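Please consult the sequence and the structure shown here.

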Amino acid sequence: MAWRGQLSRNLKELRILFCQTSPASSSARAFVERNYKDLKTLNPKFPILIRECNGTRPQLWARYDMGVERGIHLEGLTEEQISKAVEDLVKLGAALKG
């Protein structure tokens, strides 16, 4: 899980959007509850934005250099799949730099 410490090196910002109550957002909420503290501890100055809004479909957005953004819809994904999606976005950031 070395990618967890690489957020601030490969991304400019990470945004997670979800609904506070909908079943479709339950995995996204669980991911934030279980992983936010660890990610923030490893990347203390890195902006991890959590956006909760009633009726919002769960999404994950990564912002890279030069304003490039990539988004993933999280509806139907498990918590482990969301973790893998974040890992993939971090690896993409490394590839964009290289």
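How many salt bridges does the structure hold? The structure holds 9 salt bridges, a salt bridge being a side-chain nitrogen of Lys or Arg within 4 Å of a carboxyl oxygen of Asp or Glu. The model is predicted: local features need pLDDT of at least 70, side-chain atom pairs count only at pLDDT 80 or more, and totals for chains, interfaces and linings use all residues. Residues are numbered from 1 along each chain as its sequence is written, and side-chain values use heavy atoms, without hydrogens and water.

Three of these pairs are listed below.

| Pair | N to O distance |
|---|---|
| Arg-63 and Glu-13 | 3.6 Å |
| Arg-57 and Glu-75 | 3.2 Å |
| Asp-88 and Lys-84 | 2.8 Å |

Strands (E, at least two residues) and helices (H or I, at least four) are DSSP runs, numbered from the N terminus. Glu-13 is buried, at 12% relative accessible area, whereas Arg-63 is partly exposed, at 27%; buried means under 20%, exposed over 50% and partly exposed in between (1.4 Å probe, protein chains only).

Asp-88 and Lys-84 are 4 residues apart in helix H3, and therefore separated by about one helical turn. Asp-88 is partly exposed at 37% relative accessibility, as is Lys-84 at 40%.

Leu-96 is also found in helix H3 (residues 79-97) and is partly exposed, with a relative accessible area of 45%.
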